[in-house]
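Hi,

Here is the structure you will be working with. My notes follow below it.

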Amino acid sequence: MSADAAVRWIAPGFEPPPPPEALPRVPSVEELQAIEQAAFDEGYRRGHAEGLASGQGEIRRMVAQIEGILDSFTRPLARLDGEVADALAGLSARIAGTLVGHAYRNDPTLLADLVREAMDAVGTQTREVELRLHPDDLGVLMPHLATLDGVRLAGDTTLARGELRLHSESVRIDATIDSRLRACLDAMLAGTHGANA
């Protein structure tokens, strides 16, 4: 072999090292700090958004819970309002009943007029009429009731002074103070509802 024909032999698996420009460049301290700050800012932004969403969800849950508590307070209050209104109506009826009863005791002619109105409501065609009064009213009204024909008088201790019940074949009249006041209240409420309509 001649000297001109020499070939350079490279061992298999050993390539020459890459040129120095191909090596990755190491970032500077400022660049590393900028990368770190960008990562921190991105983490802060994501954390803030997640925390805000979680906080709003928690606030909605707490508001719903508070609304439930308030609703449980208002339902009994609404029921209590109805009970107070009923109690006040009952108390008003009792006070009015006491005043009306007192007026009937002081002026028996008022009760005699009430008896006449009840008798007129029954009419003259009925054969048997029973008039029930408190025993004390019966004694006081006896002079006024003597003119009533076909009327059987009865004392009734379940009735208060100033009250009466009248029974005939076809008509029953309950002229207790409670029923009269209730009729007045019903008429007044019907008038109020009619005026509002």
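This is a predicted model: local features need pLDDT of at least 70, side-chain atom pairs count only at pLDDT 80 or more; totals for chains, interfaces and linings use all residues.

**Notes on the model**

Residues are numbered from 1 along each chain as its sequence is written, and side-chain values use heavy atoms, with hydrogens and water left out.

**Helix packing**

Helix H2 covers residues 108-122 and helix H3 residues 135-145. Their axes (lines fitted to C-alpha atoms over the stretch in contact) are 10 Å apart, at an angle of about 65°. Angles run from 0 to 180 degrees between N-to-C directions. H2 is therefore roughly perpendicular to H3 (65 to 115 degrees; under 35 is roughly parallel, over 145 roughly antiparallel, the rest oblique).

**Overall make-up**

The protein has four helices and four strands (DSSP runs, numbered from the N terminus: H or I of at least four residues, E of at least two). From the N terminus, the order is α-α-β-α-β-β-β-α. Of the 197 residues, 19% are buried (under 20% relative accessible area; exposed is over 50%, partly exposed in between; 1.4 Å probe, protein chains only).

**Salt bridges**

The count is ten (a side-chain nitrogen of Lys or Arg within 4 Å of a carboxyl oxygen of Asp or Glu).

- Asp-113 pairs with Arg-116, with the closest N and O atoms 3.2 Å apart. Both lie in helix H2, three residues apart, about one turn of the helix. Asp-113 is partly exposed at 39% relative accessibility, and Arg-116 is partly exposed at 40%.
- Arg-132 meets Glu-130 in a salt bridge (3.2 Å, N to O). Glu-130 counts as buried at 15%.
- Asp-156 also forms a salt bridge with Arg-132 (3.2 Å, N to O). This pair links distant parts of the chain, 24 residues apart: Arg-132 is in strand E1 (residues 129-133), Asp-156 in the loop between strand E2 (151-155) and strand E3 (164-168). Asp-156 is buried at 9%; Arg-132 is partly exposed at 22%.

Glu-130, Arg-132, Arg-152 and Asp-156 are linked in a salt-bridge network.

**Surface**

Leu-77, Leu-80, Val-84, Leu-88, Leu-91, Ile-95 and Leu-99 make a nonpolar surface patch of about 650 Å². Patch residues have over 30% relative accessible area and no salt bridge; nonpolar side chains (Val, Leu, Ile, Met, Phe, Trp, Tyr) are joined within 5 Å, like charges within 9 Å. Areas are Shrake-Rupley with a 1.4 Å probe. Leu-91 lies in helix H1 (residues 29-106) and is partly exposed at 44%.

Best wishes
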